[in-house]
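Thanks for coming, everyone. Please take a look at the slide, and then I'll walk you through it.

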Amino acid sequence: MSPTLLFYLSLQLLLALGVACVVCVCVWCKHWLGGFAWDGSSHQFNWHPVLMVTGLVVLYGIGAVLYRVPLTWGQNKLPWKILHATLMLLALILSIVGLCAVFDFHNHNSIPNLYSLHSWIGIIAVALFATQWVVGAASFLLPFSPPSLRSRIKPIHVWMGGSIFTLSIAACISGINEKLFFNGDYSKLPAQAQMANSLGVLIVAFGLMVFVILWNHQWQRPEVRPEGPTYTPVFQEENE
């Protein structure tokens, strides 16, 4: 089997797992936790797991593997940088709205904020994510960013990206467990617990597939500027 075919099969599996994660968290929150609202009730809290899983895990993971798609190779890299930054910005926005949902719910019901390990990991992940996005956009998208700065920032950007994704998965898994413990009867493994545990397994599987794609050297984008007259940097500078 060719590396390209194997990549696209892996990508399809990744996307299927991502869709399954979103569907699973929505079904859990809608069917077992009562649905959605923005009124300070527990229904407002339900936006938190949906938005965090969708943004901080699924969209983030898809954005992370974007440069591995062979379709992006041999072309001007800048449009793909913009798409990568857009996906990550959308993921960040969803994550921030998810945090607003849970903070507002806590404040409305006089529940302390940021007391659990889950909340510490989650807030660190989002804070690092926001910093990563700002630094990445400034370093790789702005026209006055020198190539020497990009070459120094790139390995840090890549390492931080993987670290943030790992923290995001840890935050989601610990949050699922925390919610199930709060609801009681977890040890009896009711249907809700089975659904939530399945969501956790799907999140872990999705994360593992992201790292499989990122760590396979055969699927890394060749750092070679394409030849030919069709290549024109949008900002009239080196975009690699």
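Start with a charged pair: aspartate 185 and lysine 188 form a salt bridge, with their closest N and O atoms 3.9 Å apart. The term means a side-chain nitrogen of Lys or Arg within 4 Å of a carboxyl oxygen of Asp or Glu. The structure holds 1 salt bridge. Lysine 188 is exposed, at 66% relative accessible area. Exposed is over 50%, buried is under 20%, and partly exposed is in between, with a 1.4 Å probe and protein chains only.

A word on the source. This is a predicted model: local features need pLDDT of at least 70, side-chain atom pairs count only at pLDDT 80 or more, and totals for chains, interfaces and linings use all residues. Residues are numbered from 1 along each chain as its sequence is written, and side-chain values use heavy atoms, leaving out hydrogens and water.

Now the helices. They are DSSP runs of H or I, at least four residues, numbered from the N terminus. Take helix 3 (residues 47–64) and helix 6 (residues 147–183): their axes come within 10 Å and cross at roughly 145 degrees. Those axes are lines fitted to C-alpha atoms over the stretch in contact, and angles run from 0 to 180 degrees between N-to-C directions. Which residues make the contact? Helix 3 brings Met52, Val53, Leu56, Val57, Tyr60 and Gly61, and helix 6 brings Met160, Gly161, Ile164, Phe165, Ser168 and Cys172. Contact here is heavy atoms within 4.5 Å.

Next, the largest nonpolar core. It has 47 residues, and Leu14, Trp28, Phe129, Phe165, Ile203 and Phe206 touch the most other members. Helix 7 gives the largest share, 10 residues. A core is a set of buried Ala, Val, Leu, Ile, Met, Phe, Trp, Tyr and Cys residues joined through side-chain atoms within 4.5 Å. Look at isoleucine 203. Beyond its neighbours within four places in sequence, its contacts include Val53, Val57 and Cys172.

Over to leucine 99. It sits in helix 4. Is leucine 99 buried or exposed? Buried, with a relative accessible area of 12%. Leaving aside neighbours within four places in sequence, leucine 99 touches His48, Met52, Ile123 and Val126.

Last, two loops. Most residues other than glycine have a negative phi. Serine 110 has a positive one, about 55 degrees. Serine 110 lies in the loop between helix 4 and helix 5, and is exposed at 68%. Leucine 189 also has a positive phi, near 50 degrees. Leucine 189 is in the loop between helix 6 and helix 7, partly exposed at 41%.
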